[in-house]
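Subject: Structure handover

Hello,

Here is the structure I promised to pass on. Please open it first, then read my notes below.

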Amino acid sequence: MVAPATHSAQLAIWPERILHERNPLMSEACLSPKPSRRSDVAPFLAMDVLSAAARLEGEGRTIIHMEVGQPSAPAPQLALTAARAALEHGRLGYTEARGIRSFRERLVRHYRDTYSVEIDESRVVATTGSSAGFNLAFLAAFDAGDRIALTSPGYPAYRNIIRALGLVPVEIEVGAETRWCLTPDLLEAAQKDGPIKGVLVASPANPTGTMMTPQALSELVRYCDGNGIWFISDEIYHGLVYGTEQATALSTSHNAIIINSFSKYYCMTGWRIGWMVLPECLVRPVERIAQSLYISPPELSQIAATAALDATDELELVKAGYAKNRELLLQALPELGFDKLLPLDGAFYVYADTRRFSNDSLAFTKAMLEEAGVAATPGADFDISNGSAYTRFSFAGSNENMVEALTRLKNWLA
Ligand SMILES: Cc1ncc(COP(=O)(O)O)c(C=O)c1O
């Protein structure tokens, strides 16, 4: 049994930063003028773990990174070749705010080939990562004060972006009863406290790795359509599905707002490129806001991403590596005592109930980092109410690193 609380003094980064960051308006270091209330969002703990790990690495330690959901593979060769050619050509400039036409047209083919769904090029908008897509979608679809439903656990940036934009996150607890997914019944219950204007769902999800069945997704989308609620589908982990069927919300409704990215399956986090497929009535509002907020996504990234859509052979090899890691962890983690894992349908995360080791996953992951040199993310990042019972491990790294992490955890927990 680990006694993590005793190690809090050794890792200065987390608790102190969180305490200070939660109260900027009270900070004496900033008398007047003060930061806005809307900027008072929680820090992204996975990034704070990354900083703590970097500090230890600076002191000469080797750390196995399982905290951040970032592929270790480089961008596909086709993307790199296209980017090199573009650089050779010399001039990179602004593009249309919605992105270059060839990029949007290639995405139309992507929907036809992958999902047998027909969309018009005019509904596709290139974005600076899916993160920019959320900003644009929320600004175009909602007014200040609107209530947006999310799952808890869920990706923490959702609630932070929603708050920063003056919207209200309505976090709906999901659990094993619904396979960690939102259902029309849960949504109906949440409506009793006030109208829900939008629902944001990721499937496969972060941190749980669970995926809605095409039928469950379709029912939820239909409920939203029938009740005048915007359905926002974060499909960033599409492509990373292990033996389960994947469906886009577009198969059910062209009113759905689709947000996707080249960061995960396509291994292009640093290129900051993603896309949206919008209902027709939102195209112009999004375009107008995008023109002012971002002008356009980087042209180089649009060119590279267009080529990446043809790199299936290379990317499927990367995915095979994740599948191997997944098998390894599913077998080895229970042997180490991590015996309550969520169903691992997709993405590259294991969300483990770690109460057997500690009721405080923040302290648990700190001790794991400090003593075992394995960086993982505390569940508090994803779930304010119950997250201290869980720890998220990313298996996007190399197989060698997964083997090393398991060895370290075994020795640490012995
Ligand atoms: C569910 C989910 N959506 C969106 C993002 C943000 O990705 P991007 O790099 O496209 O901004 C992440 C990043 O981890 C994520 O997990």
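The centres of domain 1 and domain 2, taken over C-alpha atoms, are separated by 24 Å. Keep in mind that this is a predicted model. Domain 1 comes in two pieces, 9-74 and 313-413. Domain 2 covers 88-310.

**Where the domains meet**

The contact involves 33 residues of domain 1 and 29 residues of domain 2. On the domain 1 side, α11 (312-335) and β9 (349-353) are the elements that give two or more residues. Of these, α11 gives the most, with 6 residues. By class, that side of domain 1 has 19 nonpolar, 7 polar and 7 charged residues.

**The seven-stranded sheet**

An open sheet of 7 strands runs in the order β2-β8-β7-β6-β5-β3-β4. Its pairing is mixed. The edges are β2 (124-127) and β4 (168-173). Each has a single partner strand, so one side of each has no neighbour in the sheet. From one strand to the next, the twist averages 20°.

Look at one pair inside this order. Strand β3 (residues 147-152) and strand β5 (residues 198-202) run parallel and are joined by 2 bridges. Ala 149 has Val 199 in β5 as its bridge partner.

Helix α4 (residues 101-115) lies across β2 and β8 (274-277). The angle of α4 to β2 is about 120°. Helix α6 (residues 156-164) lies across β3, β4 and β5. The angle of α6 to β4 is about 155°.

**The ligand shell**

Which residues are closest to the ligand? They are Gly 129, Ser 130, Ser 131, Ser 261 and Ser 263, out of 13 residues that surround the ligand. Helix α5 (residues 129-141) supplies the largest share of the shell, 3 residues. By class, the shell has 9 polar, 3 nonpolar and 1 charged.

**The three-stranded sheet**

There is also an open sheet of 3 strands, in the order β9-β12-β11. The pairing here is antiparallel. Strands β9 and β11 (377-378) stand at the edges. Each of them has a single partner strand, so one side of each is left without a neighbour in the sheet. Strand β9 also turns up at the domain contact, as one of the elements on the domain 1 side.

Strand β12 (residues 390-394) runs antiparallel to β11, and 2 bridges join them.

**A crossing of two helices**

Last, look at helix α12 (residues 361-372) and helix α13 (residues 399-413). They pack at an angle of about 105°, and their axes are 10 Å apart. That angle makes α12 roughly perpendicular to α13. From α12, the residues in the contact are Met 368, Glu 371 and Ala 372. They meet Arg 408, Leu 409 and Trp 412 in α13. By class, this contact has 4 nonpolar, no polar and 2 charged residues.

Best wishes

Conventions: Residues are numbered from 1 along each chain as its sequence is written. This is a predicted model: local features need pLDDT of at least 70, side-chain atom pairs count only at pLDDT 80 or more; totals for chains, interfaces and linings use all residues. Axes are lines fitted to C-alpha atoms, for helices over the stretch in contact, and angles run from 0 to 180 degrees between N-to-C directions. Helices (H or I, at least four residues) and strands (E, at least two) are DSSP runs, numbered from the N terminus. Angles under 35 degrees count as roughly parallel, over 145 as roughly antiparallel, 65 to 115 as roughly perpendicular and the rest as oblique. Two residues are in contact if their C-beta atoms, placed from the backbone, lie within 7 Å. Ala, Val, Leu, Ile, Met, Phe, Trp, Tyr, Cys and Pro count as nonpolar, Asp, Glu, Lys and Arg as charged, and the others, Gly among them, as polar. A residue is near a molecule or strand if its C-beta atom, placed from the backbone, lies within 6 Å of it. Domain bounds come from an automatic or database domain assignment. Two strands pair if DSSP finds at least two bridges between them.
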